[in-house]
Amino acid sequence: MTRTVDLESRARLLERVSEYVVKHGLHDLSLRPLAQAVDSSPRMLLYHFGSKEELVAAVLRRTRERQMEMFEKMCGSDLMTEQAMHGAVWATMSDPKFAPYMILFFEAYSIALRDPKRFPGFLENAVEDWLSFLSPDRTIATIKLAGYRGFMLDLAATGDRKRITAAVEVWVDSLELLTPKKGHRRAQ
Amino acid sequence: MDADLQQRNRHLDLIGAWIAKHGLAALASASAEDVAGVSEDELREFFDSREDIVAALIARDRTFHREQLAKLLADPTLTNTQRGRSMWQHYVDAENGMRLFFEAYGIALHDEQYGRFIFGADDWFAMIDPVLERQGMSSGNADAFATLFIAVIRGAMMDLCATGNRGRVNAAMEMWFAASEILEKKLEQ
């Protein structure tokens, strides 16, 4: 019973902590203001998550899970064409409301490149989870992921939405050139 | 090349190798002796700050990539797909420089000093667009094609730096170059 209560309160805390971290980013993240913002204490955060790094790792995992759930729901219909699916994914990713998630991802990616042990598994999962979502064919999925990441890098750096959206439209139309001739279905 | 410039480049070589081994974050607190084998004062003769060093490394890499692209674009015997393949291999060979770029990119999102040299305008489009337009693409299609070409290469480099899986990423890029050859013809119509 105690264990269940613990897990439930950790899960509730993780939702609030994730909201805070998405909003404020990883830069200068410290436990005291975070604890204050989520009506907790640094001691309770450490009790539930172990360390600041483990807390951030949990936030990154939860954030990615939520994104995957959202995109899978959005693209779950068998009636949706590949082109429509990629158009919808890009529309969501490039929405200004999504910007804090992208910034958090690029910040975490940058930190993990410097020090992979800090967020164990982050770099691998940041690729593997998306590959399975984007196509059952890992080669095709790799190209699709490269496109999304490259366009997001460009958008976050230049903000040139008009130029990039025009390129995404050409790219989405060109994806049919990559599709194998038989038996191609999205990974569920 | 004058002696000062040679000395500066030697420092950059040493510091670049040090960052590749220890990561960019460690640079802020590392001593000049450790990273370049010189005193802090000597390093200051060439660079105002640690950020200045990173900016110089990234600017040098950017020049290196730009020169390679200019060379490929100037060779009339190459198709754009051959240029793309060659440029991809060039980036793969310069993986340490790309890692530094991505590391600095994450910092630039919240640090104006880094932002100025990371997000500074690239002139890739000014180099690529005229070549595509001469081949018959409209200005809009040339811009879109160049944008997506650069995006796929950068995104694939992100994947490679994260996973080190050259087999998968190289196979994907090979498939992409084959598809982009067809796409290019469509856009020229």
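**Close-up views of a predicted two-chain model**

**View 1. Helix 4 of chain A meets helix 7 of chain A.** In this predicted model, A:Ala57, A:Leu60, A:Arg64, A:Met68, A:Phe71 and A:Glu72 of helix 4 are in contact with A:Phe122, A:Asn125, A:Asp129 and A:Phe133 of helix 7, where contact means that C-beta atoms, placed from the backbone, lie within 7 Å. By class, six of these residues are nonpolar, one is polar and three are charged (Ala, Val, Leu, Ile, Met, Phe, Trp, Tyr, Cys and Pro count as nonpolar, Asp, Glu, Lys and Arg as charged, and the others, Gly among them, as polar). Helices here are DSSP runs (H or I) of at least four residues, numbered from the N terminus. Residues are numbered from 1 along each chain as its sequence is written, and chains are lettered from A in the order in which they are written. Local features need pLDDT of at least 70 and side-chain atom pairs count only at pLDDT 80 or more, whereas totals for chains, interfaces and linings use all residues.

**View 2. Chain B touches chain A.** The contact takes 38 residues from chain B and 39 residues from chain A. On the side of chain B, helix 6 (95-108), helix 9 and helix 10 (166-188) each give two or more residues, and helix 9 gives the most, with 17 residues. This side has 25 nonpolar, seven polar and six charged residues.

**View 3. Surroundings of B:Ala156.** Leaving aside its neighbours within four places in sequence, B:Ala156 is in contact with A:Ala146 of the other chain and with B:Val169, B:Ala172 and B:Met173.

Note on methods
Contact = placed C-beta atoms within 7 Å.
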